[in-house]
Amino acid sequence: MAHIQWYPGHMAKAKKEVQNQLNAVDIVLEIRDARIPMASKNPMLDEIIKNKRHMIVLNKKDLADPFQTKGWVEALSNDNTQAIAIDSKKLSDMKLFRQALKDFTQDIQDKWQKKGLLHKSIRIMVIGIPNVGKSTFINQFTKQKKAQVGNKPGVTKGQQWIKIDKDFELLDTPGILWPKFDDQEVGDKLALTGGIKDTHYFKDDVALFGLELMLHYYPDAIAKNYPIAKEAVTPPYPELLMTLTKNMGLLDDYDRAADRIIRDFREGKLGRMTLDRIEELSLYVSDTQTSKLNKDHQKDSDSTERA
């Protein structure tokens with residue numbers, strides 16, 4: 001599989017702009033893709049924002065595995081960071097987010113009021129890698145079409161301040177990817193979910209990666225959604241893609257079949273799937289958090305089985 005690397009010059013500029021504006025904001029609002037809560041995190045972000053108060057929005061929760069999402073919300077929350085999962089296209093979810101944001105910043109407002117600053121608004125920096133739904137989120141949050149929207153990475157090109165109401169003011173920033181993927185699987189996950197432009201990878205490679213993950217974590221999805229018998233859904237994956245291409249009536253047009261698989265995954269037609277797995281928490285969080293969360297998930301599983 002070809003290695004995916006992508007770091008356009010405008011993203012290096014965007015990183016500098018974010019650093020320059022950090023002192024002007026009260027909190028950083030980071031948008032991630034709920035299907036890839038860790039792969040959609042820019043690993044440079046901690047270095048950039050340091051101890052700045054931080055809220056993580058796991059967007060596109062309607063496309064993600066709800067059990068996995070629940071675990072990631074718990075894992076990503078701590079004393080200085082709050083995580084919340086939403087579908088930014090749903091008004092009810094945006095209302096829940098707004099209340100969570102208000103609760104999260106209430107102590108800042110209380111401190112200002114004690115100082116006699118009664119009409120000061122919370123200044124928020126919105127940041128996220130490309131195509132996590134940041135522009136859609138901003139337009140829903142502001143109730144205005146202030147941010148340019150597109151179902152492709154790299155739509156937002158520059159920073160802009162957006163006045164929401166008396167409580168909040170928001171700074172939109174371009175999506176920022178990092179210079180190099182130390183883990184190639186991160187690049188593959190971003191490509192599959194749409195975080196990297198389609199011109200920067202081979203579609204058959206990404207489709208094969210998707211088939212492998214689906215077969216491992218969601219084994220019924222392939223046979224349920226494509227013309228293939230369940231017993232025929234087996235490795236090796238190139239042969240599986242060839243079989244699917246033929247059964248789709250596409251002869252040997254593997255690129256077209258790969259494109260369909262990628263598109264179906266992105267649109268949620270294959271079911272709600274999460275690629276960054278809660279079972280692999282030890283790769284991302286401390287042993288103490290892992291132990292606690294695994295116990296919580298076991299309780300949830302036991303409750304589900306009893307129900």
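This briefing walks through a few helices of the structure and the residues that join them. Keep in mind that the model is predicted. We start with a pair of crossing helices, α4 and α5, which pack at an angle of about 80 degrees.

**Where α4 and α5 cross**

- Helix α4 covers residues 91-114 and helix α5 covers residues 134-142; their axes lie 10 Å apart.
- Angles from 65 to 115 degrees count as roughly perpendicular, and α4 and α5 are therefore roughly perpendicular to each other.
- On the α4 side, the contact is made by M94, F97, R98 and L101.
- Their partners in α5 are F137, Q140 and F141.
- Sorted by class, this contact has five nonpolar residues, one polar residue and one charged residue.

**Aromatic rings**

- There are four aromatic pairs in the structure.
- In one of them, the ring centres of F97 and F137 are 5.0 Å apart and the ring planes stand at 75 degrees, so this pair is edge-to-face.
- Because F97 sits in helix α4 and F137 in helix α5, the pair ties together parts that are 40 residues apart in sequence.
- F97 has a relative accessibility of 0%, so F97 counts as buried.
- F137 is buried too, with a relative accessible area of 0%.
- F97 and F137 belong to one aromatic cluster together with F141 and F168.

- The buried residues of α7 are D205, V206, A207, L208, F209, G210, L211, L213, M214 and L215.
- These buried residues pack against four helices: α6 (184-193), α8 (221-225), α9 (237-247) and α10 (254-266).

**A glycine in α6**

- Is G187 buried or exposed? G187 has a relative accessible area of 0%, so it is buried.
- G187 and S40 are 147 residues apart along the chain, and their C-alpha atoms are separated by 9.7 Å.

Terms used:
Residues numbered from 1 in each chain as written. Predicted model: local features only at pLDDT ≥ 70, side-chain atom pairs only at ≥ 80, totals over all residues. Heavy atoms only, no water. Buried < 20%, exposed > 50% of the residue type's maximum accessible area, 1.4 Å probe, protein only. Helix = DSSP H or I, 4+ residues; strand = E, 2+ residues; numbered from the N terminus. Contact = heavy atoms within 4.5 Å. Axes fitted to C-alpha atoms, helices over the stretch in contact; angles between N-to-C directions. Parallel < 35°, antiparallel > 145°, perpendicular 65-115°, else oblique. Nonpolar A, V, L, I, M, F, W, Y, C, P; charged D, E, K, R; others polar. Phe/Tyr/Trp six-rings, centres within 6.5 Å; stacked < 30°, edge-to-face > 60°.
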